[in-house]
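Reader: Could you walk me through this structure? I have the sequence and the coordinates open.

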Amino acid sequence: MDLFDQADRHHENAPLAERMRPRTLEEFVGQGHLLGPGKFLLRALEHDSVPSLILWGPPGSGKTTLATIVANRTRSHFEFFSAVLGSVKDVRKIVAEADERRKYHRLRTILFVDEIHRFNKAQQDAFLPFVERGVVTLIGATTENPSFSVIGALLSRCKVLALKALDADDLAAIVRRALEDEVRGMGKLGLELTEDGEKAIAHGSFGDARKALNVLESAAQLAIQDGKKEIDTALVDEAAQRKTLLYDKTGDEHYNVVSAFIKSMRGSDPDAALYWMARMLEAGDDPLFVLRRMVIFASEDVGNADPRALQLAVNGLAAFQFIGMPEGWLTLSQVCTYLACAPKSNASTVAIGRARKLVKEHGPLPVPLKLRNAPTKLMKEMDYGKEYRYPHSEQDAFSAEHYLPDALQGRVFYDPDGRGYEKFIKDRLDGWRVQVRESNGEDSEEDPA
């Protein structure tokens with residue numbers, strides 16, 4: 001039986017997105033990097049040699065549809081399995097049936113596991129022996145980065161294919177086909193979609209074909225209720241109600257957007273930084289999370305090039321907690337633009353990394369005697385604090401002393417890069433370090449950690 005036969009019998013009651021699900025590669029739209037001439041998946045289908053796959057992509061990019069087409073194209077038995085609803089017990093039952101099918105009917109089974117990232121490590125382990133033995137060809141679908149959501153043993157036995165969000169032209173083609181198709185689509189309704197309405201659906205669906213078709217179906221219903229034959233932008237907006245941004249506060253896209261936000265500030269682009277920040281907040285992210293990231297950024301990427309950056313970020317956090325939204329947008333914008341436009345230095349970040357590295361390498365080196373306090377007579381007799389030079393008693397409150405453990409003398413952790421206020425710090429620090437070396441009769445070369 002063709003995989004789509006049963007759907008055909010009930011297609012009139014199914015949602016438009018389900019009725020219009022592509023049946024063949026010819027109907028499938030997008031993912032040319034996988035299905036174009038000479039590309040991996042097309043070649044595998046042509047030679048009937050499709051391996052186990054992990055399909056990684058955003059919602060509505062065609063993961064389930066592609067798996068179904070692969071099964072139908074290779075004339076395999078197709079088993080749909082949801083990691084949300086199913087259990088390991090269900091997997092064992094499916095695999096046992098697949099083994100029987102392979103032995104007695106010589107029929108391959110493609111096991112499609114939707115949202116495979118929702119299975120924990122032990123549950124994912126259950127697939128391993130059956131994938132290795134070729135009992136099933138596993139096709140897992142996930143919106144999460146498989147590097148983090150799929151166990152390594154399973155990942156090494158599967159080919160990962162990254163699907164891309166559909167572009168506006170792809171979505172427009174899908175919408176037009178649904179509007180014109182008289183068998184599975186809405187062709188019999190005699191509705192027309194204005195050019196602006198089509199663009200509104202395509203651009204407002206953010207690469208999600210299912211969302212585009214759902215909006216079209218809702219807009220068509222509104223048009224019929226209003227006695228209209230034309231679907232325009234107003235109907236599309238009413239059907240969509242509001243634009244929902246592709247964003248999962250706990251998923252891979254969350255980290256992608258946060259990364260873009262941080263990198264935009266680091267790259268001194270306030271416009272891009274504002275855009276990514278607005279993306280996070282409009283999608284429902286916690287403003288306090290964004291502000292905490294900016295406090296971290298003030299130390300990590302601005303540092304002493306502009307010491308006021310940390311002060312402003314901390315004050316911004318406090319101000320937001322005092323005033324909240326919607327006025328908090330102003331505070332967020334001020335902090336974001338200040339940090340993006342501030343001179344940048346990661347010298348403090350590099351410095352603490354160097355210091356921690358040497359602490360781990362050398363362990364708890366003894367504190368030089370001259371740096372130890374001597375509150376008792378015994379400690380004084382043991383030379384605690386002996387020859388310590390009190391800086392406030394020295395010229396310019398600076399004593400040309402070594403303060404590191406003896407084994408680390410001459411090591412440099414903090415090396416200001418000379419941007420912004422760090423130029424003054426660098427000049428001052430370079431002068432002090434020269435005095436220390438001259439006072440101790442050392443070479444002028446510093447030993448960076």
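**The sheet and its surroundings**

Author: Happy to! Five bridges join strand S3 (residues 109-114) to strand S4 (residues 137-142), and the two run parallel. Strands (E, at least two residues) and helices (H or I, at least four) are DSSP runs numbered from the N terminus, and two strands pair if DSSP finds at least two bridges between them. This is a predicted model, where local features need pLDDT of at least 70, side-chain atom pairs count only at pLDDT 80 or more, and totals for chains, interfaces and linings use all residues. Residues are numbered from 1 along each chain as its sequence is written, and side-chain values use heavy atoms, with hydrogens and water left out.

Reader: Which residue of S4 is the bridge partner of Phe112?

Author: Strands of a sheet pair through backbone hydrogen bonds, either parallel or antiparallel. Here S3 and S4 run parallel. In S4, the partner of Phe112 is Ile139.

Reader: Which strands stand at the edges of the sheet?

Author: Five strands form an open sheet with parallel pairing, in the order S2-S3-S4-S1-S5. Two strands have a single partner strand each, so one side of each is left without a neighbour in the sheet. Those edge strands are S2 (77-82) and S5 (159-162).

Reader: Is Ala44 buried or exposed?

Author: Ala44 lies in helix H4 (residues 40-46). Buried means under 20% relative accessible area, exposed over 50%, and partly exposed in between (1.4 Å probe, protein chains only). Because its relative accessibility is 6%, Ala44 counts as buried.
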